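Please look over the sequence and the model before turning to the points below.

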Amino acid sequence: FYELTVEKLAINAVMAGCKPEYFPVVLAAFEAMSEKAFNLQGMITTTAVPWPAIIVSGPYADKIGMGSSYGCLGPGYRANATIGRAVTLTLIAFAGCYPGFGSHSTQAWPGRYSFCFAENLKENPWQPLHVEKGFNDETTVTVIAAKGTLSVCHLRDDPPGWLKVFCESL
């Protein structure tokens, strides 16, 4: 469609409500999506529902106020919402991702408005994603094509029961 420049990406980020300090994450997300292995064209033209999920891992997420815990995919975190929205606006404007035109998802899902969150480094029992990917104290932005979310709730304190609920949910 149109050539995407850093300037045009910044304009879309501003229209989405991003603060200037959010822009490095938006730019990194587009750099990740431009990698051949991501298959952006396949993701946006499929009849399925995937959309870019933007995962920010590292200290910069806290610096810009990204949500990484309770409600991080819902309202209340401007950085999460506007970074994800900047990605969507730009895909509409520069890749023609209009429903039924460039985007052929038969149903879509609300995550196509914004699907962005930070890794919860404080409560993560595993190695952080940015470290797993070979980085030390740098912040990384990972983008994956993801489908809708599924809430899995289990309130009892019995791990075999948790496993049963997770398996049934799958």
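How many disulfides does the structure hold? The structure holds zero disulfides, a disulfide being a pair of cysteine sulfur atoms within 2.5 Å. The model is predicted: local features need pLDDT of at least 70, side-chain atom pairs count only at pLDDT 80 or more, and totals for chains, interfaces and linings use all residues. Residues are numbered from 1 along each chain as its sequence is written, and side-chain values use heavy atoms, with hydrogens and water left out.

- Cys116 is in no disulfide, and the nearest cysteine sulfur, that of Cys18, is 8.6 Å away.
- Cys116 counts as buried at 2% relative accessibility; buried means under 20% relative accessible area, exposed over 50%, and partly exposed in between, with a 1.4 Å probe and protein chains only.
- Cys167, at 48% relative accessibility, counts as partly exposed.

**Nonpolar core**

- The largest nonpolar core has 36 residues, and those with the most contacts inside it are Val26, Ile54, Met66 and Ile83.
- Such a core is a set of buried Ala, Val, Leu, Ile, Met, Phe, Trp, Tyr and Cys residues joined through side-chain atoms within 4.5 Å.
- At least two residues of this core come from each of H1, H2, H3, strand S1 (51-57), helix H5 (78-95), S2 and strand S3 (140-146); helices (H or I, at least four residues) and strands (E, at least two) are DSSP runs, numbered from the N terminus.
- Apart from neighbours within four places in sequence, Val26 is in contact with Leu9, Cys18, Ile83 and Ala86, where contact means heavy atoms within 4.5 Å.
- In soluble globular proteins, nonpolar side chains tend to be buried together.

**Aromatic pair**

- One aromatic pair is present in the structure.
- The ring centres of Phe115 and Phe117 are 6.1 Å apart and their planes stand at 45°, so the pair is tilted.
- Rings of Phe, Tyr and Trp (its six-membered ring) pair if their centres lie within 6.5 Å; planes under 30 degrees apart count as stacked, over 60 as edge-to-face and the rest as tilted.
- Phe115 counts as buried, with 8% relative accessibility.

**Salt bridge**

- The structure holds one salt bridge, defined as a side-chain nitrogen of Lys or Arg within 4 Å of a carboxyl oxygen of Asp or Glu.
- Asp62 forms this bridge with Lys122, and their closest N and O atoms are 3.6 Å apart.
- The pair links distant parts of the chain, 60 residues apart: Asp62 is in helix H4 (residues 59-63), while Lys122 is in the loop between strand S2 (116-118) and helix H6 (129-132).
- Asp62 is partly exposed at 48% relative accessibility, whereas Lys122 is exposed at 71%.

**Individual residues**

- Asn12 is found in helix H1 (residues 6-15) and counts as buried at 4% relative accessibility.
- Setting aside neighbours within four places in sequence, Asn12 is in contact with Ala86, Leu89, Thr90, Ala93 and Phe94.
- Asn39 lies in the loop between helix H2 (23-33) and helix H3 (40-45).
- Although Asn39 is not a glycine, it has a positive phi of about 60°; its relative accessible area of 45% makes Asn39 partly exposed.
- Leu4, in the segment before H1, is partly exposed with a relative accessible area of 33%.
- Not counting residues up to four places away in sequence, Leu4 touches Leu9, Phe30, Thr90 and Phe94.
- Leu4 and Glu138 are 134 residues apart in sequence and 26 Å apart in space, C-alpha to C-alpha.
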